[in-house]
Amino acid sequence: EKGGWSSFMRKEISEEPDAVANTLLGRVVDGAVVLPELGALTPEVLADIDRIVIIACGTAAYAGLLGSYAIESWARVPVQVELSHEFRYRNPIITPRTLVVSISQSGETMDTLMAVRFAAESGARVLSICNTQGSSIPRESEAVIYTHAGPEVAVASTKAFVAQVTALYLLGLHLATVRGTLSPAELAHNIDELQAIPAKLADVLVASEDIGQLAGWMADTRSVLFLGRNVGYPVALEGALKLKELAYIHAEGFAAGELKHGPIALIEPGQIVFVIVPSPRDPSSLHPKVVSNIQEIRARGARVIAIAEKGDAAVLPFADEVIPIPLASPMFEPILAVVPLHIFALELATAKGLDVDQPRNLAKSVTVE
Ligand code: BG6
């Protein structure tokens, strides 16, 4: 039930902190990740895996892309992300040491189910991340990590996305533990960061209360671009997808480093560009590079909305608007940065008078190939 909310989507966005908290519940014990549901995928099996292929569609695939950065970085195993419907048609290389991880909110997406079946028949180990108990995909997988986001009714996925990322991060930290690739201090730090996310998400919801006004003056816009780099890149893709789905506006997400290789040609005066800015504390020095991207597009007349760490003074002179997010380690910032984009898509669709729970032409779960 919607309760007092104007739409399921608005209610489900408000539940993003709980979706993460409930997905973590019982899975961190005495400072260690505990996933008894992995069953046959024992620590020995997981220590021996030499490649991971994540398969999913839509929003779930963007959660997978974000998870791939975390798993590779923490567990030092190569991770490839494939759209489910592309996966089995490329004659993929699968061995008994390949772990295929499917991600699906509904557990019924036919493209993903078929890919899971193909992976199992090809001899891969198959793990699924799913939000729906007893659905088809978990039944055909060796093991399941359930996300506990609660029922998601709105067609566009929001709270399931943050829960999927949480499950992938738990998996990444578990793999790092069994493979011995992070020190005890690094493990403890990342587990602390993960556990701090629900409270920070609650802060983001409060800080995002003015996004409705922002969306108001953009209701007539025909195109919105999203730029992000590294872990900000999947956030850019997710922000663009939400806007297409809900507001029927042309939207594209780009890797910020790619800007000069093509997309900058799209920038003309008035073009709205959301930029997901890495933390100025990020040791990889991506922050100055993204700030310089902002200067480049600003110089060509773009209207820039920056999603940046609270207190990041470097973006202020160049952004038309800054949406602040709480401080977190770089790997965890995207879980916070995505929420304003969910809200923006909701508000823009609302400003256009559209049905946010049931966008045209879309279904919550696509059970045909
Ligand atoms: C699409 C939905 O059809 O399926 C998206 O419109 C969703 O919102 C995608 O992300 C995948 O669905 P699922 O249930 O497999 O996560």
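Tutor: Before we start, a polar contact here means a pair of N or O atoms within 3.5 Å. Also keep in mind that this is a predicted model.

Student: Okay, so how far is the polar side-chain atom of S104 from an oxygen atom of the ligand?

Tutor: That pair sits at 2.6 Å, so it counts as a polar contact under the 3.5 Å limit.

Student: And what about the side chain of S106?

Tutor: An N or O atom there lies 2.6 Å from a ligand oxygen. With T59 it's a polar backbone atom, 3.2 Å from an oxygen of the ligand.

Student: How much of the ligand does the protein bury?

Tutor: The protein covers 91% of the 390 Å² that the ligand exposes when taken alone.

Student: Which residues come nearest to the ligand?

Tutor: T59, S104, Q105, S106 and T109, out of 13 residues around the ligand.

Student: How does that shell divide into nonpolar, polar and charged?

Tutor: Five nonpolar, seven polar and one charged. Helix α4, residues 58-75, gives the most to the shell, with three residues.

Student: Which pocket is the ligand's space?

Tutor: The largest pocket.

Technical notes: Residues are numbered from 1 along each chain as its sequence is written. This is a predicted model: local features need pLDDT of at least 70, side-chain atom pairs count only at pLDDT 80 or more; totals for chains, interfaces and linings use all residues. Side-chain values use heavy atoms; hydrogens and water are left out. A residue is near a molecule or strand if one of its heavy atoms lies within 4 Å of it. A polar contact is a pair of N or O atoms within 3.5 Å; within protein, one must be able to donate a hydrogen and the other to accept it, and residues adjacent in sequence count only if both atoms are side-chain atoms. Accessible areas come from the Shrake-Rupley method with a 1.4 Å probe; for residues, only the protein chains shown count as cover. On a 1 Å grid over the protein atoms alone, a cavity is a set of points where a 1.4 Å probe fits but cannot get out, and a pocket is an open set with protein on both sides within 12 Å along at least five of seven lines; lining residues have an atom within 4 Å of a point. A molecule sits in a cavity or pocket if more than half of its atoms lie within 2 Å of its grid points. Helices (H or I, at least four residues) and strands (E, at least two) are DSSP runs, numbered from the N terminus. Ala, Val, Leu, Ile, Met, Phe, Trp, Tyr, Cys and Pro count as nonpolar, Asp, Glu, Lys and Arg as charged, and the others, Gly among them, as polar.
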